[in-house]
Amino acid sequence: MKLLHIDSSILGDSSASRHVSAAAVAQFRKKDPSIEVISLDLASDPLPHLDVEALSWLGKDLTPDVSGRPELIAGANALKDFKAADIVVIGVPMYNLSIPSQLKAWIDRIMVAGQTFRYTSGGGIEGLAKGKKVVLAVARGGLYGEGSPAASFEHQLSYLKSVFAMIGITDLTVIEAEGLATNGGADRARILSDAEQKAGAL
């Protein structure tokens, strides 16, 4: 069993999403001590944003003339590690209504036609990454859930649900720490504790 643990917050130990994703990974380790965990910190070790050259190599074996290029190797490894994982745990803070650009750069490496999805003859899309379990540890300063005044501004979780649905992921668990900055942050500790408890009950 392989678990891919991804964090994308730039806040280090102060990050709520990192605390919740760590609690989720700890729970999976507790349930299966033999699980192999691969960790990727997109803040300290970011993938370059996609450019024309990186795009041309997506999903392909690197040839000898480019096999030593760190940025191309990182992109190839991102796809390889995702495809090999049985479980994927991702810490996802909300930045300006959406996800961190570092996480988007990773998504651009794993959403590859012919590798994790394909276009069908009828113009539809078939996901090829079926059978994985994905856990999203979501953190937000405000309230953006369904029914909230700011719900229409939410492009974080809604985007990620579309991404993983497109590549065939149906086993998706969301653990939210929402409203962390409301009331001047007075409820942050309680909200974070509740989210960590949910992660610990996976």
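Predicted model: local features only at pLDDT ≥ 70, side-chain atom pairs only at ≥ 80, totals over all residues.
Step back, and you will find five strands forming an open sheet, with parallel pairing and the order β2-β1-β3-β6-β7. Which strands stand at the edges? They are β2 (36-41) and β7 (171-178); each has a single partner strand, so one side of each is left without a neighbour in the sheet. From one strand to the next, the twist averages 15°.

Now for the helices that lie across these strands:

| Helix | Residues | Strands it lies across | Angle |
|---|---|---|---|
| α1 | 16-31 | β1, β2, β3, β6 (133-140) and β7 | about 165° to β3 |
| α5 | 157-166 | β3, β6 and β7 | about 165° to β6 |

Another pair of helices is worth a visit. Helix α3, residues 70-84, packs with helix α4, residues 101-110, at an angle of about 75°, and their axes are 8 Å apart. The two helices are therefore roughly perpendicular to each other. Which residues of α3 and α4 meet? From α3 come G75, A78, L79 and F82, while α4 brings W106, R109 and I110. The residues of this contact divide into five nonpolar, one polar and one charged.

Notes: Residues numbered from 1 in each chain as written. Heavy atoms only, no water. Pairing = 2+ DSSP bridges. Helix = DSSP H or I, 4+ residues; strand = E, 2+ residues; numbered from the N terminus. Axes fitted to C-alpha atoms, helices over the stretch in contact; angles between N-to-C directions. Contact = heavy atoms within 4.5 Å. Parallel < 35°, antiparallel > 145°, perpendicular 65-115°, else oblique. Nonpolar A, V, L, I, M, F, W, Y, C, P; charged D, E, K, R; others polar.
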